[in-house]
Structure formats: C-alpha cells, structure tokens
Amino acid sequence: MKIKELINEMEYEILAGSEETEITTLVYDSRKVEKGSVFVCISGSVRDAHEFIPDVAAKGAAAIVVEKEVMPIDGITYIKVEDSRLALACMSAAYFGHPAKKLKTIGITGTKGKTTTTYMVRSILESAGIKTGLIGTIESIVGSERIPSANTTPESYRVQELFAKMVDAGLDAVVMEVSSQALMLHRVSGFVFDIGVFTNLEPDHIGENEHKDFADYMHCKSLLFQQCRHGIFNGDSEHLQGILQGHTCTVETFGYGAENDLIAQKVELKKEHGALGVKYHVGGSMDFDVEVNVPGKFSVYNSLTAIAICHHFGVSVEEIKKAMLHVSVKGRIEIVPVTKRYTLMIDYAHNAMALESLLTTLKEYEPGRLVCLFGCGGNRAKSRRYEMGEVSSKLADLTVVTSDNPRNEEPMDIINDILVGVHKADGAYVTIPDRKEAIRYCMEHAEDGDIIVLAGKGHEDYQEIKGVKHHMDERELIADIIRENTDLKL
C-alpha cells in the first residue's frame, strides 16, 4: 500500500519524499523494522524513538513519522505530525482496514468496576447469541482464543490488530476496558465508540509518569465521552459533572438515585450455601427483578451498567436475568466452590484501598469469622505492607500473612514489615510463608459460616522469586489440598 492510504484522515506535513511512497508494514518498535516499513517515532517516558532513526534507516525503512525537527536522510519519506501517538492510532486503524466500523464497540472507563463489568457484558451478549470480543486487564478474548494482557488497554496498533482479528473471526461486538492512560496516550484514538461507559472515580494513578493531579485524571477519563455516540454514566457519582465536561454523546444514567434513567431498588444481600451475591429490582426505564452471584453492593453498580449496555443490543430481560446468575470473573471476588460450610474466594486486592473495600463489603454478609490471607510484593513500596497489615488486622477476625511475589527480597523480611501494620490494630494473626501451606491452614481451621478471602494474586498464575516466575495458581493449590485431605470438602 501507499503511505497516503494511512495518513489521508490526518493533519500532516511532508518534510521529504512523497506520500506516494510504497510501504510494507506499519511499525512503532524499531526492532521490528524491515525493508519498506513506515516507522512511527513515539516519544516515550524512558526512550525517545527519534533516537533510533539512523538504525531504522539502515534497516530499510521507507518512511518515518516524526513529531520533532529531524535531519532527513536521503531516500526516505519523512512525515511530520503534531502528535505521533495520535498518528499511530489513526494509521493503525487505516492499516487494518478500519475494523471498528465493522463491530459494535463498547468502551468502559472508571477507577473501579471496569474488569468485572466487561465480563458481565460479554456474558450477557454471548448468551443472547451476539458474538463478543473482550480487551482488558486480565486478557483479550477473540472467539475461543484467550491472550494474556500486559496493560489494561494495549497500544493503539494492538487495539486495531485485535479488532481486525475479531472481524475475521466473525464477531459482532467488542467490550473493552479503557484506562485513563489509554485516553491520555491516544491508544483508543482513530475510531468512535458506539457506547462509552463511566463507572466511578476515585483518586488513583496520580504521580510521576501518570497523572499530575486528580483534575488531570478526571479530564482524561472524560475524553471517552468526546469520542462515543452514546454515553452511559453512574449518575450517583459526585464527579459526574466533571466527567460530562465537553461531552459530545447522548447521555443515559444509572444508579440508586431516583433521578437516574435506570434505578436499583430494594437491594438485598444474598447468602446461601457458601455462595454470596445480591438481588434487587431494576426500575426506571426497565422493570424486573435480578439476582447476581457476585457479592457486594458495588456489584449492583457493575451489573446495572451491564444491563444498561445490553438493553441497547435488544437483549431480552430473561436472557439478562439468566446470564447474571452465572457471571464469574477470574480473580475478582471469585468464589471457589469447596463446601457449603464456609465461603472461600480469590480476589486481586493488592493495596490497602482495595483490601479495605473488599473486607468492608464482606463484613456486610455477617460471616462467622472473616479470614484474610495475603502477602505483599517484594521490591515495592514498604508503605503498602504497613497499610495492608493494619487494614486486615482492623477488619478481619484472623489475618494469615504469607508470600506474594517476593521477587528479590526474603519472604520473612516482607512478612515482618506487614506485621508492623498488623500490630497497629488488635486482630488475631498467624504467619505462614509458604502460600500453599497458608491456604491449607485456612481450610483446615475453617469454622461454619466463615468467609475466607485469598487476597492479592487474583487472576495471576505465578509466584515471582529471584527474577523467575514459577507457575502457581491458587485454584490448583486448593484442588491439591482437597485431594490430599478429602475431608476438607465435606
């Protein structure tokens, strides 16, 4: 193809060469440049790709896209743009044949709830016969293929590549998590979402190489609603007006408040035979009762979001109700069926804010005891260890301190730091460095009505020790423990 086919919907300036230049591949990683490639120079926080221009020229690049002044090398087409990340997004969309135009696209942004809601939406749509792909924190799903994720939202080239794979696989729709970083760095530019969703907003991702302050974080989230046709918003959020700033989409709201379009009414917590969930009445623009087998009042928001989205796809109430009973997200308040005597669950909570939210939610179910097992990662801020230790000791009846990715630190050094926080409150605790043995202890000492939460690992299936990732999946550990002691399943 010719370079002009990739840039015809962008603002650009030809510094050297011609837009008629034939190119073979679109590349933003200098290591992947081959003869005839067009290379997009991204100014990253660690390295500036403009530095690699001599290297890519030597490899045979036919064209180079820059956002800075450079000295052209003879025989290469140079295209100057205002923002090379935006250029990469627009060029990627064109390179893959604008696949988003052939899919119904749903983008979900917010501090919490993105992962769970994407799986809920996909579950409902799939059950209604609408083939749906997913892009998110845990994985990307294209038909039967599951691809582990490195970022919540991939680079724009990868987003468009995944869209194209979904089109080729005959999918009808895609639901994806859209992080504030993705919006700030144009990872989801180059197309318009059919539906954009706002879940909630809390201070997060603020600091070096992220957002300079909360206002910047909120502004970046709001950008989604300047590139979607229809917006679905948490109407109960105190930050709703800030998120709506500059929006160009139609607006629909959900929440507990009576002023919302879709309203959660008569909310009840559900606790039956070791399973936890919620049930409530959907009022406002719809009218039916629903049960969700995911615990916590925040799952009301997540499910209400999913219901609002799926309503726009014409999914029947019966299909929605049926799908909600079977929704489960790996590592997000994931209940592992072991026994009706107590509840055992796995959750990704790996900082104090997430752990406090999780434990507070679970206490509402009035367990016999609340048991919290967790560790903290090595080579990370020690403050997290103190904070998580204090939160667990304050809220859980028993804290079981163990290992979680010790990396290059000694597990007991990390555990001792956690105990500094544990001792700031008065909860009972034990320390068991081996994670499998710690889980075994929880299961062997479980009492009727307990809720036991294994926190920190979530969807991860490894333990990182001394630079090596060793396979370790808590679901497999639980199964091994039961095989070794079948009485634990009674």
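Mentor: Start with a rule: two strands pair if DSSP finds at least two bridges between them. Strands (E, at least two residues) and helices (H or I, at least four) are DSSP runs, numbered from the N terminus. The model is predicted: local features need pLDDT of at least 70, side-chain atom pairs count only at pLDDT 80 or more, and totals for chains, interfaces and linings use all residues. Numbering runs from 1 along each chain as its sequence is written, and side-chain values use heavy atoms, without hydrogens or water.

Five strands form an open sheet with mixed pairing, in the order β1-β5-β4-β3-β2. Strands β4 (63-66) and β5 (77-80) run parallel, joined by four bridges. There, Val65 stands opposite Ile79.

Now the core. A nonpolar core is a set of buried Ala, Val, Leu, Ile, Met, Phe, Trp, Tyr and Cys residues joined through side-chain atoms within 4.5 Å. Buried means under 20% relative accessible area, exposed over 50%, partly exposed in between (1.4 Å probe, protein chains only). The largest core has 67 residues; Ile106, Tyr280, Val282, Ile307 and Met324 touch the most other members. Helix α9 (298-311) gives the most, seven residues. A second, separate core of 29 residues includes Ile147 and Leu240.

Last, the cysteines. With a disulfide defined as two cysteine sulfur atoms within 2.5 Å, the count is zero. The sulfur of Cys90 is too far for a bond, because its closest cysteine sulfur, in Cys41, is 17 Å away. Cys442 is in no disulfide either; the nearest cysteine sulfur, in Cys372, is 9.0 Å away.
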